[in-house]
Amino acid sequence: MSRSIGRRIEFEVAGRVVGPALAAFERAKKLARRRGPARPGKPSSPFGPPLEATRKLKELMTTHYLAGRYADGAVPVAWVTSGFPVEILRPLGFHAVYPENHAALCSVQRVVPELSDAVEKEGYARDLCSYARTDLGSVLTGKTPVGRLPKPDLLCCCTNICQTVLYWYRALAAHFGVPLFVLDTPYIYGQAPGHHRAYVRAELEELVGLAERVAGRRVEPDELEAVVRVARDGTRLWGECLAQSRARPAPWTGFDGFFHIAPIVTLRGTEACNAYYRMLRDELAHRVARGVGGIRDERHRLLWDNLPVWFDVRGMSTLLAERGFNFVCTSYTNAWAEAGSRIDPADPIGSAVLAYTHIILNQDLPNRLDILRRLSRDYSVDGAVLHSDRSCKPYSIGQIDLKQRLARELDIKVLVLEADHGDPRAYSVEQGEGRLTAFMESFA
Amino acid sequence: MRNAYIAKQRDEHGRKAVAVLPVHYPKELFTALDLLAVEMWGPPGAPVSADAGRVQAYVCAVVRNALAFLASGRADACEAVLFPHTCDSIQGLATLLTDFGGWSKPSFVFQHPRGSARPSSRAYYLGELRALADGLAGLAGRPLAPERLQEAIRLHRRIDAARAALLDGRRRLALDDVELYRLLRRGEWLWPEDHLAELEAARAKLGPDDVARGVPVMITGYVPEPGTLFEVLGDAGAFVVADDYAAVGRRVVRAPAALDLDDPFLALAELYWAAPPCPTRASDQVARMRYLAELCERSGAAGVIVHEQKFCEPELFDVAAVKKTFAGKGAKLLYLEGELETELSGQATTRLEAFVEMITGTARVA
């Protein structure tokens, strides 16, 4: 796609001026509302005081999506899977769009059925991943709660989270007619053999070449090193945020974490992302020091496995919080912290091989069990809910065995809860609440 | 029948059997090492043991049934199992069965490269071939001799040529679809030389003139189960003139005409990328649609049947593109979805019959 100076100005203004100004305006409106007649408090709320950082999170994400509306034609645009090494694209000035994050947002906004209907009419089965259906539906209809998504110049798909993204991005490539780069990360059974690591390294080198051609410039080693350092620091900061929940009471809920994960997914490798997590970490640490919990009365601590049920996060978290249950850790949010431990700015490509192949979903079940065990112990949980996610087979296969092993080895209560991460039509709220309630009653 | 054949192969030829999950794998390595590959497409029908409940009901029947079958000990005639890298579910099955119980004999994985052919993927594929060859050689108890692999490649090229001749010459073949598919699918477990002998015998039934009667249709999908589909199709007055099943047509490599066998591993890599496009190998979707359109046109099919298994992600993601491709050409298309049943449902039977009637009616009007 040809790029123009005018479009670049629009993009920069949207990202640097309009986005922050809009956020400031929203903030001011909220403040004005607070200064008005005193509203009845919420003594009945089971949650602790809201996180101050949430406002900044909204500002950050609003600005990101607003700038994105003007990105095509201004800067190179890549649509990227959540597990893709975006650090390689950032120095080349790519604006990265994360269809998974966008689909999650659509689910929270409850527009998935409408978007999914559009692609089901075209022949996509409802059994397919709801993220994929949502995203493809948005592409086909042009409808999105974020106003507009920029058209991609490059599609970047990494198979370390699933192969669904591969099929999904093949369809996107056919639709947009732009290059698709597949970073194929062979699944790790036990240890990765040498030729697997060599393969991923060679692919990353091929990616650099392709991204440079699309961007029309070369990536300098020091630029790449700088971005990788920022990305590593960002993942560490995210890990520090999560680790605050080892305290009793945990200063936030695992469900809060699902929302605050957005910057490390979509803005990894940027200073804005790191600044945000410094702020969040400090606020959480402050809450820990004061004994402020994510819920008012934390009596039981739980682990959540798999993606969230985006469209019912609020309902589920309220149901649990009312009974003194808090998800203090989740394998999903933890995954974004774990990857960072392997990133090394001194060896951007070599360390990316390790970081991006050793993702929880790209490793065998014994590794998964180890992670769940470790989280359970580190966060002192009394129980676990394994979300059996119709839309995510790689995350869900094995959960029935995992449940038995976790319960037996750690002597904790474990529930397998069937739902879907995006499509409310694949989940019965009443049945889900019934299952969760019975599970909570078993702690009595 | 398979167990008796496996036992005979072991007793008479000393060949160990290896259970192989779908879809793509370098069978030549097995042949060269005197190992009998016995493919497991489920098997169809209800799961044979409660182990199927170890995976969710939204996982495809191929994986659920294979889990139940392997964990119940019914594949104990096999000395090992191979999990080719076909989809997330088979990948998950590989770790579930071998790490959490159900299969304690040796197991292998074969992770073919995904994405377009690049220098990295070619080098990786060679590495993966060599790693599998080493593993299988350990099972066979002898090293892989290059000349044996060259022989095996030649043998499988002859098998491919015979299968291609039968599929491409379908109109001139004096076999019905039930007989043809039964023959082709015996290749999933017969020793390759035995299979080739049967194929050559069938090839002798290829005449100079068209003998197949009825409406020619093209069929694409994962696996031709249940086999009764072909009975229904035949009774309705149609026959399969072009095949794109992952289990059948997509595994018949027609090119290259000449293959350099000096380095047999390089030859296997060349064959891998010469195979028809398949979503389980992540072939480019546009290229696949072009291939299907050409296959349909070349065969003279009057309609297209898309026959998929529920929850099969690689296949289902291409259905919209397949529909669009053929709608753009004004071709009639029927979408059928199954769950590895042993019999075609009454509903599916009616839909097939109606589809054939519709094509016949259209043809008459035309």
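What follows is a chat about the contacts, the sheet and some local details of this structure.

Mentor: Keep in mind that this is a predicted model.

Trainee: Take H7(A) then. At what angle does H7(A) pack with H5(B)?

Mentor: The angle is about 175°, and the axes are 9 Å apart. H5(B) covers residues 119-140. At that angle H7(A) is roughly antiparallel to H5(B).

Trainee: Which residues meet there?

Mentor: From H7(A), His195(A), Tyr199(A), Ala202(A), Glu203(A) and Glu206(A). They meet Pro119(B), Ser120(B), Ala123(B), Tyr124(B), Gly127(B), Glu128(B) and Ala131(B) in H5(B). The residues of this contact divide into 6 nonpolar, 3 polar and 3 charged.

Trainee: Let's change topic. In what order do the strands of the open sheet in chain A run?

Mentor: The order is E6-E5-E7-E8, with 4 strands and parallel pairing. E6 (325-330) and E8 (413-419) of chain A each have a single partner strand, so one side of each has no neighbour in the sheet. Neighbouring strands are turned by 30° against each other on average, direction ignored.

Trainee: Over how many bridges do E7(A) and E8(A) pair?

Mentor: Strand E7 (residues 383-389) of chain A pairs with E8(A) over 7 bridges. Within E8(A), Leu417(A) stands opposite His387(A).

Trainee: Which strands does H13(A) touch?

Mentor: Helix H13 (residues 331-338) of chain A packs on the sheet and touches E5 (300-305) and E6 of chain A. The direction of H13(A) makes about 30° with that of E6(A). H15(A) also lies across E5, E6 and E7 of chain A, and runs at about 160° to E5(A).

Trainee: What about H12(A) and H18(A), how far apart are their axes?

Mentor: The axes are 11 Å apart, at an angle of about 30°. H12(A) covers residues 313-321 and H18(A) covers residues 429-441. The two are therefore roughly parallel to each other, and H12(A) passes H18(A) in a right-handed crossing. Gly315(A), Met316(A), Leu319(A) and Leu320(A) of H12(A) make the contact with Val429(A), Glu433(A) and Leu436(A) of H18(A). These residues divide into 5 nonpolar, 1 polar and 1 charged.

Trainee: Over to chain B. Is Leu199(B) buried or exposed?

Mentor: Leu199(B) is buried, because 23 other C-beta atoms lie within 10 Å. Leu199(B) sits in helix H8 (residues 192-203) of chain B. Leaving out residues up to four places away in sequence, Leu199(B) touches Ile159(B), Ala162(B), Arg163(B) and Leu166(B).

Trainee: Which residues of H10(B) are buried?

Mentor: Pro264(B), Ala267(B), Leu268(B), Ala269(B) and Tyr272(B). They pack against H2 (27-32), H5 and H6 (146-168) of chain B.

Trainee: Last topic, the backbone. Where are there cis peptide bonds?

Mentor: One runs from Pro22(B) to Val23(B), with omega near 0°. Val23(B) is in the loop between strand E1 (16-20) and H2 of chain B. Another joins Ala255(B) and Pro256(B), with omega about 0°. Pro256(B) is in the loop between strand E6 (238-245) and H10 of chain B.

Trainee: And what is phi of Ser380(A)?

Mentor: Ser380(A) has a positive phi of about 50°, although it is not a glycine. Ser380(A) lies in the loop between H15 and E7 of chain A and counts as partly exposed, with 14 C-beta neighbours inside 10 Å. Asp34(B) also has a positive phi, near 60°, and is in the loop between H2 and strand E2 (35-39) of chain B.

Terms used: Residues numbered from 1 in each chain as written. Chains lettered and ligands numbered in written order. Predicted model: local features only at pLDDT ≥ 70, side-chain atom pairs only at ≥ 80, totals over all residues. Axes fitted to C-alpha atoms, helices over the stretch in contact; angles between N-to-C directions. Parallel < 35°, antiparallel > 145°, perpendicular 65-115°, else oblique. Left-handed = near helix turned anticlockwise from the far one by under 90°. Contact = placed C-beta atoms within 7 Å. Nonpolar A, V, L, I, M, F, W, Y, C, P; charged D, E, K, R; others polar. Buried ≥ 20, exposed ≤ 12 C-beta atoms within 10 Å, placed from the backbone. Pairing = 2+ DSSP bridges.
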